[in-house]
Amino acid sequence: MAETVTISIDGQSYQVPKGANLVDAAKLHGTDIPVFCYHPKMKPVGMCRMCLVELGSVTVNRESGKPDLDEHGQPVIRWQPKLQTACTQTVSEGMAIRTSTAKVVEARDDILEFILTSHPLDCPICDKGGECPLQNLTMAYGPGESQFLYDDKQHLAKHVPLGELIYLDRERCIQCARCTRFCDEVVGDDVLAFHERGRKLQIVTVSDPPFDTKFSGNTTDICPVGALTTADFRFGARPWELSEVPSICPHCPVGCNISASTRLDRDSGGKKVIKRIMPRQNEQVNEIWICDKGRFGHHHSLSSNRLQTPMLKKDGAWVEIDWKTAYQEVTSRLQKYGEKVGFLAGPSLSNEDLWEMRKLARRTCRDCQIGLWPATMTGLEAVTQAGVGVGTHLAALGPESAILVIASDFEEEAPIWWLQVKQAADRGAKVMVANARPTKLDQYAKCVVRYEYGEAVEVLNHIAVFARRHDKLNQTLVEGRVDGFAELEADLKGKRVPKQHSEAAELLLDTENLVIFAGNEGLTLAQQAELMQAAANLLILTGHVARPNNGLVAVWPGANMQGALDLGFSAEATVSLLDNPPSMWVIGDADPVAEDARAAAVLDQAEFVVVSTQFMTPTAEQADLVLPVLSFAEREGTFTNAMRRVQRFYMAQTPLEGALSAWKVFAQIGSALPGGDKPRISAALVMRDIAQHVVRYAGMNYTDLAHVETQFPDVGGHDLYYGGNAYANHGGLGIQWATNAEKENYRLTVRPVSAEAPKYEDLTLIPIRLLYNRDVLFEPSTVMHARIPAPYADFNAKDAAQLGIIDGDQVVISAGDLQINVSARVNGQAPTGFVLLPIRLSQLPVPAAPAMCSVQKVEE
């Protein structure tokens, strides 16, 4: 239990956590000390002076060590002669404050009067109007009148682009420095700064390109006035017109909680649409932050290119058909091909979609393969055994914890986790990065391990060897619950551990907590499976399982890859389907033709292909029947994030006419097959089926998933106390399913893994993931197009010199039958002998795994 101290607030004594910020401690007990610059997610600076209070302390008798008492038997308090900023104080035993004396009230009046001397009176048209802390505090604490002359007002620019996403109104800025501090302190991207002095003080961007961070939108949330606005919402709606709908970001494995601000929109024919996306507080997941992709990547839901009618290809041309005809066509084909049907699911399908697709596959044939796309990662067994413990909270990791990120460019693949790991490093956590190339997280790591592509598994094996030799194993766990240890020990015995790996192992294993994030960069599917098992081996042997803040997390390439794996879909099944192609394919929200040349060739040879999709993707173009489905914003359902937290999202905007939820489409088709049951009438009933048949989801239901609890800090509360407009969570915190290690007396299994690395003798292409790309769900967000680079490849300077290539040259990369035209970047990112090629920067496929390649410069 946390240690407490006694403090006095306006003559009333309270027990508060020792060392807590005074503003926070007062708020916990119902006393609001007004603030502008202070935010509980950042260090206090005392810039705005709005939180001035009278501060004192109980006097203590030096001889007795007890408090001095007055004639009434009350402790004597020595008050400081001047007012103090509450936000820069931490509570201690005997502290006393007065928050409402005449002296304090006068000071607040003066501060607000100074702030308002040059603040424009444009509240009715301000994007912050109606949810503005400056409005609230002025009404509550302001003097009610001003003695300053209009001629003294500072007239500044009101439409200053800090980048293509964020605009600054310099007249509204109150110089609280929240935005500059967030970028520098929280994110580590020092891209904003103050310019000029005194009343002319202004915010400027100091990066090239301007405001160069993946988290810029958060500055508009924490701004306590309307100085910072987003390009896609500025003057788009008034806050009091908006309704907030809880949702989940559909773009990456973090599962950020978001709030969709919606209203009935004239330009959309009176339909309810999303006007903006805001963060929704979930301290266990994304805290109060979201990345710019999650904030600005929702515009696909309103794209004019959305499909609205089922379409059948006849004689090479698309013909619109109704849903009844579409269902009959699919049903007849499934009965015709039977055992020769393959199913493929994409990462944006909800758990309900996946369940109905799985049921359809089982009704079609007992042994139909249900594959997962992209087929680049696996490891459900490793996660089931050694995943992070229930209650894991990255924001709680500090000096007693270690974090290993291996085979992942974290900022590009899971930005909010990158942010949280960076902050953990700031708090003293021991961060280790293992990768074949430099990544941004390196600058915050206490240890960086470089290996050749393909050698990631060997790094973990060496750490396990070190643990065995230096008594770092959890003997109680190993002897009591672990099978396969003898075989693993025999495999590890005698291995030599390089010095660099020994130092890394000592860093990781000399801590109470250990979390491993495992990606797939530079790995084949088989190698990635071994990496996951090697990570599970290490965590089990050292006892870093079965408790919060310990365990394994996979950096999946999509929002609901974990859910798909939980429900029986797998990358191995996809590989089997590609090796032994079925005659008919049923593909749900995946675009393999645009991503993988081999998959494109296989699908081209299929007799019949059905695709459920929101857009006419390259895969849909190559199909025979296309079924239009709803976006995440137009339906309800659940995603399971990579920490195994099942989270609910809600219908935010009016469904697109003609399209259906994917689960309804699969259920309707399945109901027409022999043995098919009646389709469920709601996603909640589909979740009930999942809970009854999938052990991991046992007992889950929409009611429990919607459960919320009080969270600290109270950001987004009804009083907007801390300022900014991240939203309180009214949609549910989700439920994290427990690993096998957390189940009492459950046996755990370790096994030897293959660490043999391929021999790359020629130039080798390595596909990598970028946050901003031309994925089908992101490209419609035109506001982000300036952040999406043109197709390029990274070359090592030595390789570039041998090829006669300089930075900016156009080159053709040949890999097998593929020829890829890109621009060359020679910037030191790529190791010698390797070419780094980002995926999904165009509609042309690239190799899905490391591949030998040749490069030819394009002569002008």
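Where is the place of P713? Select P713: this residue sits in the loop between α24 (702-705) and β30 (735-736). Keep in mind throughout that this is a predicted model.

**Stop 1: two cis peptide bonds**

A cis peptide bond joins F712 and P713, with omega about 0 degrees. Now jump to D208 and P209. The peptide bond from D208 to P209 is cis too, and omega is near 5 degrees. P209 belongs to the loop between β10 (202-205) and α5 (218-222). As background, most peptide bonds are trans.

**Stop 2: Q175**

Select Q175. Its phi is positive, about 55 degrees, although Q175 is not a glycine. Most residues other than glycine have a negative phi. The loop that holds Q175 runs between β8 (166-168) and α4 (178-187).

**Stop 3**

Go to the second largest cavity, which holds about 90 Å³ of space. It is lined by 14 residues. Select C173, C176, C179, I203 and C223, the closest of them to the cavity centre. Colour the lining of the second largest cavity by residue class: twelve are nonpolar, one is polar and one is charged.

**Stop 4: α8 against α22**

Select residues 351-364 for helix α8 and 662-671 for helix α22. Their axes lie 8 Å apart, and the packing angle is about 20 degrees. Angles under 35 degrees count as roughly parallel, so α8 is roughly parallel to α22. The crossing of α8 past α22 is left-handed.

Show side chains next. On α8, the contact uses E352, D353, E356, M357, L360 and R363. On α22, pick A662, W663, F666, A667, I669, G670 and S671. The residues of this α8 and α22 contact split into seven nonpolar, two polar and four charged.

**Stop 5: α12 against α16**

Move to helix α12 (residues 456-469) and helix α16 (residues 525-541). What is the angle at which α12 and α16 pack? It is about 15 degrees, with the axes 9 Å apart. The two helices α12 and α16 are therefore roughly parallel to each other. Their crossing is left-handed.

From α12, select A456, V457, L460, N461, I463 and A464. By class, the contact of α12 with α16 has nine nonpolar residues, two polar and one charged.

Key:
Residues are numbered from 1 along each chain as its sequence is written. This is a predicted model: local features need pLDDT of at least 70, side-chain atom pairs count only at pLDDT 80 or more; totals for chains, interfaces and linings use all residues. Side-chain values use heavy atoms; hydrogens and water are left out. Axes are lines fitted to C-alpha atoms, for helices over the stretch in contact, and angles run from 0 to 180 degrees between N-to-C directions. Helices (H or I, at least four residues) and strands (E, at least two) are DSSP runs, numbered from the N terminus. Angles under 35 degrees count as roughly parallel, over 145 as roughly antiparallel, 65 to 115 as roughly perpendicular and the rest as oblique. A crossing is left-handed if the near helix is turned anticlockwise from the far one by less than a right angle, and right-handed if clockwise. Contact means heavy atoms within 4.5 Å. Ala, Val, Leu, Ile, Met, Phe, Trp, Tyr, Cys and Pro count as nonpolar, Asp, Glu, Lys and Arg as charged, and the others, Gly among them, as polar. On a 1 Å grid over the protein atoms alone, a cavity is a set of points where a 1.4 Å probe fits but cannot get out, and a pocket is an open set with protein on both sides within 12 Å along at least five of seven lines; lining residues have an atom within 4 Å of a point. Grid points are joined across faces, edges and corners, and a volume is the space filled by probe spheres set on the points.
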